[in-house]
2 protein chains.
Amino acid sequence: MNVTKNILRLSNQVCFPLYAATRQITKLYRPLLEKLGVTYPQYLVLLVLFEEETVTVKELGEKLYLDSGTLTPMLKRMEEHGLVERRRSSVDERVVDVSLTNKGRAIEKQAEKIPVKFSEEILLEQDEFEELKRLLTKILDQV
Amino acid sequence: MNVTKNILRLSNQVCFPLYAATRQITKLYRPLLEKLGVTYPQYLVLLVLFEEETVTVKELGEKLYLDSGTLTPMLKRMEEHGLVERRRSSVDERVVDVSLTNKGRAIEKQAEKIPVKFSEEILLEQDEFEELKRLLTKILDQV
DNA sequence: TTCAATTTAATTGTGTACAATTTAATTACA
DNA sequence: TGTAATTAAATTGTACACAATTAAATTGAA
C-alpha cells in the first residue's frame, strides 16, 4: 500500500464522517420535525426566531451560515405554510424583516421535545457531546 | 431565561455546528476541487474508486450513505465528463458497475494534494482531528 | 448635491439529497 | 415450474445549497 492510497483513503479523511454524520443525523430529525411540518433548515430558522422577535434575512444568513439564494425561497415556503411573516423594513427598503406568526410561535412548545428525544437516540456521553461541539465550533470560528 | 429557551438555543445544539461546519468545510474544498472539475460528493466517489477497481451503485451507496436517487444522476454527470464508466453487470442485469476511465484515474495524482492542503487550512491539532473523527464515526456506527 | 460605490434581497442555473414510486431482474418457495 | 417476494437502479417530486448575477435602495466622497 503506497502513501497516496493512505492519504486518500476514505477512512482517513475527517471531512467524510463529518459529511456523512450530518446527513444521517438530519435523517434522524426528519420524523420528529415532520410532525411540526418543517424541514431541518426551517427548524433552525424557527430556533432563531424563538430567541429574537424579528431578524432580517441578512442576520439569519449570518447566524445560520446561509445566503439569500437559500433563505429567500425557504422563507417564502415557510410564509406559505403560515409559520413566518416577511415584511420590507420601512426604515430601509432593502431589508426584509422576518418574524413568527402566531402559528409559528405555537410550535415552540412542540419543538422543546425534539432536542430531548434526539439526545436519547444518539448515544454519546455528555462530555463527548461537549467535546464534539467544541471541536466543531472551533472549526466554524476559523472559516 | 426559562428552561425552554435554554434547550432550544442554537448555541446549545450539537447538530447545528455539525450542519454548519460541514457546509463551511465543503466550501473550503470547492476551489481545490474545481481544478479537478468535480464537486465534493463526486470527489468521494473518486476516492472509493481509487481504492477499488469496480463498485456497484449499491456498494457506493453503502460506503457513502447515499441512495440511487442521488447517485444515479451524479454518476451520469461524471460519465458525461468522462471520469467514470457505468456498465450493466452481465452476471446480474439489475446491477450497474462503476469504474474509472483513464481520465478519472489520471486525477489521482492531483487529488493527493487536496487532503494535505486542506489540513493546512484547518487549524486543529492532530489529536483533535483524531478525536473529532472518533466521535463522528461513533455516531455514524449508531445510525 | 450628485453620482459612483456599496449593500440587501431576489433571481438564475447547477448540483446534490432524499422519500416514494416504478421498472426490470432475480430469487424463493409452494 | 410458476408465481410471489425481493432486490437494484432509475424516476419523480420537493427542498435545500451556493456561485454568479441582477435590481433596487442607501451611503459616501468629490
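Helices, in the sense used here, are DSSP runs of H or I with at least four residues, numbered from the N terminus. One such element in this predicted model is helix α4 of chain B, residues 57-64, which holds both B:Glu62 and B:Lys58. These two residues stand four positions apart, about one turn of the helix, and their side chains meet in a salt bridge with an N to O distance of 3.2 Å. B:Lys58 has a relative accessible area of 60% and is therefore classed as exposed, the cut-off for that class being over 50%.

In chain A, eight helices are found together with three strands. Read from the N terminus, the order of the elements in chain A is α-α-α-β-α-α-β-β-α-α-α. The radius of gyration of chain A is 18 Å, whereas the globule rule gives 15 Å for 143 residues, so the chain is more spread out than a compact globule. Taken along the principal axes, the box filled by the C-alpha atoms of chain A is roughly 65 × 35 × 25 Å. Of the 143 residues in chain A, 47% are buried, and the accessible surface of the chain comes to about 7600 Å², with 50% of that area belonging to carbon and sulfur atoms. Among the contacts in chain A with a separation of 6 or more, 48% are made by residues 24 or more positions apart.

The charged side chains of chain A comprise 22 positive and 23 negative ones, and the centres of the two sets are 7 Å apart. Side chains of opposite charge can pair when their charged atoms come close. Over all chains, the structure holds 20 salt bridges.

One of these salt bridges is formed by the side chains of B:Lys138 and A:Glu128, with an N to O distance of 3.0 Å. Because B:Lys138 belongs to helix α9 of chain B (residues 126-142) and A:Glu128 to helix α8 of chain A (residues 126-142), this pair joins two chains. B:Lys138 is partly exposed, at 28% relative accessibility, while A:Glu128 is buried, with a relative accessible area of 10%.

A further salt bridge links B:Glu128 with A:Arg134, whose closest N and O atoms are 3.1 Å apart. Here too the pair joins two chains, since B:Glu128 lies in helix α9 of chain B and A:Arg134 in helix α8 of chain A. B:Glu128 counts as buried, at 10% relative accessibility, whereas A:Arg134, with a relative accessible area of 38%, is partly exposed.

Elsewhere, salt bridges that share partners connect A:Glu128, B:Glu131, B:Arg134 and B:Lys138 into one network.

B:Glu121 is partly exposed, its relative accessible area being 39%. When neighbours within four places in sequence are set aside, the residues in contact with B:Glu121 are A:Gln142, B:Leu28 and B:Leu32. Between B:Glu121 and B:Arg105, which are 16 residues apart along the chain, the C-alpha atoms are separated by 26 Å.

How values were computed: Residues are numbered from 1 along each chain as its sequence is written. Chains are lettered from A and ligands numbered from 1 in the order in which they are written. This is a predicted model: local features need pLDDT of at least 70, side-chain atom pairs count only at pLDDT 80 or more; totals for chains, interfaces and linings use all residues. Side-chain values use heavy atoms; hydrogens and water are left out. The radius of gyration is taken over C-alpha atoms; the globule rule is 2.2 Å times the number of residues to the power 0.38. Buried means under 20% relative accessible area, exposed over 50%, partly exposed in between (1.4 Å probe, protein chains only). Contact means heavy atoms within 4.5 Å. Accessible areas come from the Shrake-Rupley method with a 1.4 Å probe; for residues, only the protein chains shown count as cover. Lys and Arg count as positive and Asp and Glu as negative; His and the chain ends are not counted. The place of a charge is taken as NZ of Lys, CZ of Arg, CG of Asp or CD of Glu. A salt bridge is a side-chain nitrogen of Lys or Arg within 4 Å of a carboxyl oxygen of Asp or Glu.
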